[in-house]
Amino acid sequence: MAAEANSYDAWFCAQVHAALEDARSGTSQVQVMQAAQALIDAKRKVEPKS
């Protein structure tokens with residue numbers, strides 16, 4: 001069980017390190033919220049409240 005925990009910790013640390021080193025531009029929180037709001041608005045137009 002300790003070996004599994006150590007293995008997971010090593011994997012997790014590698015994932016975090018890779019994410020921190022990733023030079024690609026990410027999506028801003030504003031862009032995500034705008035996209036989410038657009039989905040909500042589109043859904044409301046298709047299925048109005050009962």
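Close-up 1. At 42% relative accessibility, Phe 12 is classed as partly exposed, a label for values between buried (under 20% relative accessible area) and exposed (over 50%), using a 1.4 Å probe and protein chains only. Tyr 8 is partly exposed too, at 47% relative accessibility. Tyr 8 and Phe 12 make a stacked aromatic pair, 6.1 Å centre to centre with 25 degrees between the planes. Here, rings of Phe, Tyr and Trp (its six-membered ring) pair if their centres lie within 6.5 Å, and planes under 30 degrees apart count as stacked, over 60 as edge-to-face and the rest as tilted. Both residues sit in helix α1, 4 residues apart, about one turn of the helix. Helices are DSSP runs (H or I, at least four residues), numbered from the N terminus.

**A note on the model.** This is a predicted model, in which local features need pLDDT of at least 70 and side-chain atom pairs count only at pLDDT 80 or more, while totals for chains, interfaces and linings use all residues. Residues are numbered from 1 along each chain as its sequence is written, and side-chain values use heavy atoms, with hydrogens and water left out.

Close-up 2. Look for Trp 11 in helix α1, which covers residues 2-21. Trp 11 has a relative accessible area of 45%, so it counts as partly exposed. The structure holds 2 aromatic pairs. Tyr 8 and Trp 11 form a tilted one, 5.6 Å centre to centre and 35 degrees between the planes. Along helix α1, Tyr 8 and Trp 11 are 3 residues apart, about one turn of the helix.

**Close-up 3. A salt bridge between Asp 22 and Arg 24.** The structure holds 1 salt bridge, meaning a side-chain nitrogen of Lys or Arg within 4 Å of a carboxyl oxygen of Asp or Glu. In the bridge of Asp 22 with Arg 24, the closest N and O atoms are 2.6 Å apart. Asp 22 is partly exposed at 33%, whereas Arg 24 is exposed at 67% relative accessibility.

Methods:
Helix = DSSP H or I, 4+ residues; strand = E, 2+ residues; numbered from the N terminus.
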